[in-house]
Amino acid sequence: MAGYILRRLLAAIPVLAIVAVLVFLMLRLTPGDPAAVIAGDNASSEQIAQVRQKLGLDQSLPAQFAIWIGNLLHGNLGESFFFKKSIGELILGRIEPTLSLAAATMLIAVCVAIPLGVVAAYRHGSWLDRIVMGMSVLGFSVPVFVIGYLLIYVFSITLGWFPVQGYQPLSAGLGGYLHRLVLPAVTLSVVYIALIARMTRASVLEVLNEDYIRTARAKGQVERKILFRHALKNAAVPIVTVVGIGIALLIGGVVVTESVFAIPGLGRLTVDAVLARDYPTIQALILMFSGVYVLINLLIDLTYSLFDPRIRH
Amino acid sequence: MSAAPSPVLEIENLAIALPGGGDRSRAVDGVSFTVARGEIVCVVGESGSGKSVTAFSVMGLLAKVLKPVAGAIRLNGEDVLTASPQRLRALRGDRMAMIFQEPMTALNPVLTVGDQIEEVLRIHTDLGAKERRAKVLAMLDAMHLPDPERMHASYPHQLSGGQRQRVMIAAALILDPALLIADEPTTALDVTTQAQILKLIREMQERRGTGVLFITHDFGVVAEIADRVVVMQRGRVVEQGPAAQVLERPQHPYTKMLIGAVPTMTPARRPPVTGALALETASLEKTYRSGGLFKTERVVHAAADVALRIRRGETVGIVGESGSGKSTVARCIARLIAPSRGQIMVGDRDIARLPERRLRPMRRKIQVVFQDPFRSLNPRRTVGASIIEGPMNFGTSPEAATAKARELMGLVGLDPSALARYPHQFSGGQRQRIALARALAMEPEILIADEAVSALDVSVQRQVLALLDDVQRRFDLAILFITHDLRVAAQICDRLIVMQRGRIVEEGPTAEVFARPSAAYTRALIEAAPGREFGRGEHLPEAASA
């Protein structure tokens, strides 16, 4: 198993290298000059040139790339043009809100969607099944920002249960932290609930026709245990896949949600960095995101073997 | 009719309604029989006879659309049809238990074997974890499974089919149920494994006094194991009685027909075939390699050093158990897979290594009929479209191909108008006829029948075998007949090749191989065939006259 993990991690290196080259080139080839942005609207061309030299943007592309990669290999993500801070610090300061939001979202989604999907499969064809499936189509179709503003309108403005916007770090108290996390997490979880519930239903439904389910009944097992002990574990592989893809998509999704709820996370940082043409920050963020994708994929594959001994052996 | 004073199982006048649209309104009707303590009752019948429906209704495991509408099923005097779901659950696994046809799929692949047997104890007893484990290990040992400790921690995919069925039996018998229902428990197993499992069921049942309701379609198995026999046809019991009486002096015409259709184990003497050589293989080999850069390489010889010859008009059988390589050889010859080594001479051309482009014109010369008629025809295309596709690929006009297809449908005993219908509208036997017509439409020289009659009922099997014999003479076909069933091989093959672990261990004229088997493996196969002395079926008329 350790050898397998090592091989997978080694295989990630070329992927990340290609991403690094593409990100670097794409940023350099799109129009717009960070030096001009930083120097300000009234700067003379000499001033801009000075800034450019200070940032190292006057050097040739290969030289710039070599410097960047060299720093990366020493664990140095570089200095942000715009925020005038080390990018490592910048990301570290923004990671808690994003991680909190992603984790809370997935937790809500999995806890709601899997039981819904299992019950829908068990009672398949019933009114309950139809309601769950109908809601899931709705969940897919409504954009995140619409759900967000709708929830804000109902629960914050009308009922006054939750704050409209903002984030409070965990260090300032669990109560306030959770209180501010609920609405954005629920908002973001809607589409994943729809996706995971659907996948759970389909995959449990298939498993319920298997012979070993009949064997379990022949042993006198109760239906609840047949569903959650015999069926769900067999149906797990496609569900895990969707949850994994969900987590990966989530990283993209936080950009919108963090904007709607004014949460200072990585999503907001990405938007700000792009608007400011902050090359080093954008490069570091994209590289980090792709690293996370690779890691999630590895975790998905490892989780398979947790559920299915046939993959383990 | 009651064999013992207080039967374990008493089925009285059972009727189960079928949902509308079927070929009859009741799946079973007026079914009555009993199983006494320590007795094995075999329920025999062809597919659709209602034998499995009867068994499942005893367990209360019928599909929801099937509803018992009359009669009673009494287990130790208690009516299970009127029992509450809770009571039924308490009885299942404890007082009555069931084993199924497919040991490959009847066990949950993601739970350990020990866990799945222990589950029965967790549901029905208050035993502690230690006692449960001890009881399961003792049971695995009683099933003659090697290394019970390791077995306990194994997952189903690590076990062979026979071992899995032993695990199923262990789980079924661990609480000493009064009744064991066995639904075709050996149908999916190799003959030698089947013989062992039948022996095991017999042994357990004698030691524990269990009443056994044994569902089967195989009269060989009946002859081997039954105390009493119940014969079912289209949902009704047509005959029942002690095994010797039903097998030796069947009264009902249906029973007589079924028994008559069982192929005999004594092959007819066939004169040697002297037609032109159609196919010859030399040192044919198929090797699978797994592993690679980071793992130790594993090499499996699926087939090794296979040399065989088939003449026009000759049927050569390859018999062997699963894993013997018989299907691998067939697939190599049809070039569905590429052989690793050796020659495959069709006429004077070696097709073993031809690239696909040059192989294509040769493909029509070799056609295959597969085992499962339910999966080998595309369900979304009409039968006609499936049949004419091949000839049209080789440039035949649609009109000519269709005319040919109509002619072939008549030849295989089906109505030409059926060409416009879809596969699901046909029975298994009819589909196998269609598959044969599809193969014949290509005007092949060599026909490979890969377990082509294995999925069929005996009466249908007999018809399809006769049809094969007929088309062989009509088209002077060379037939390579792959089967695990010695009775079938005895019926149709001129020469026989016995394979074990990828190699040919014996070959010769069929009558010779049966009368004087030289390899130990061949003898083991013949001895393991259930009800060996049984089967007075006539030879196929064509074969006898040939």
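**Entry 1: domains of chain B**

I count two residues as in contact when heavy atoms lie within 4.5 Å. I also note that this is a predicted model. With that cut-off I looked at where domain 1 and domain 2 of chain B meet. I found 11 residues of domain 1 of chain B in contact with 10 residues of domain 2 of chain B. I then looked up the C-alpha centres of these domains, and they lie 27 Å apart.

Next I wrote down the domain bounds. Domain 1 of chain B is made of 1-95, 178-188 and 204-260. Domain 2 of chain B covers 106-176. Domain 3 of chain B is made of 312-337, 354-365 and 444-545.

**Entry 2: chain B as a whole**

I looked up the secondary structure and got 21 helices and 20 strands in chain B. Then I asked myself what radius of gyration chain B has.

I turned to burial. Buried residues are 55% of the 546 residues in chain B. I looked at contacts in chain B with a separation of 6 or more, and 71% of them join residues 24 or more positions apart. Chain B exposes about 22900 Å², and I noted that carbon and sulfur atoms supply 49% of that area.

Chain B has 69 positive and 60 negative side chains. The centres of these two sets lie 4 Å apart.

**Entry 3: helix H4 of chain B**

How many of the 12 residues of helix H4 of chain B are buried? I found 9, so this helix, residues 113-124, is largely enclosed by the rest of the structure. I wrote down the buried residues of H4(B): Val113(B), Gly114(B), Asp115(B), Gln116(B), Ile117(B), Glu118(B), Glu119(B), Val120(B) and Leu121(B).

What do the buried residues of H4(B) pack against? In chain B I found helix H5 (129-142), helix H6 (148-153) and helix H7 (161-173). Helix H10 (223-234) of chain A is a partner as well.

**Entry 4: Gly325(B)**

Gly325(B) sits in the loop between strand S13 (315-319) and helix H12 (326-333) of chain B. Is Gly325(B) buried or exposed? Buried means under 20% relative accessible area. Gly325(B) has 8%, so I marked it as buried.

I then looked for its contacts, leaving out residues up to four places away in sequence. Gly325(B) touches Ala302(B), Met499(B) and Gly502(B). I also looked up Tyr254(B). It is 71 residues from Gly325(B) in sequence and 38 Å from it in space, C-alpha to C-alpha.

**Entry 5: chain A**

I moved on to chain A. Its secondary structure comes to 14 helices and 0 strands. The C-alpha trace of chain A spans about 85 × 55 × 35 Å along its principal axes.

Buried residues are 41% of the 313 residues in chain A. I took the contacts in chain A with a separation of 6 or more, and residues 24 or more positions apart account for 73% of them. Chain A exposes about 16000 Å². Carbon and sulfur atoms supply 69% of this area.

Chain A has 24 positive and 17 negative charges, and their mean positions are 12 Å apart.

Notes:
Residues are numbered from 1 along each chain as its sequence is written. Chains are lettered from A and ligands numbered from 1 in the order in which they are written. This is a predicted model: local features need pLDDT of at least 70, side-chain atom pairs count only at pLDDT 80 or more; totals for chains, interfaces and linings use all residues. Side-chain values use heavy atoms; hydrogens and water are left out. Helices (H or I, at least four residues) and strands (E, at least two) are DSSP runs, numbered from the N terminus. The radius of gyration is taken over C-alpha atoms; the globule rule is 2.2 Å times the number of residues to the power 0.38. Buried means under 20% relative accessible area, exposed over 50%, partly exposed in between (1.4 Å probe, protein chains only). Accessible areas come from the Shrake-Rupley method with a 1.4 Å probe; for residues, only the protein chains shown count as cover. Lys and Arg count as positive and Asp and Glu as negative; His and the chain ends are not counted. The place of a charge is taken as NZ of Lys, CZ of Arg, CG of Asp or CD of Glu. Domain bounds come from an automatic or database domain assignment.
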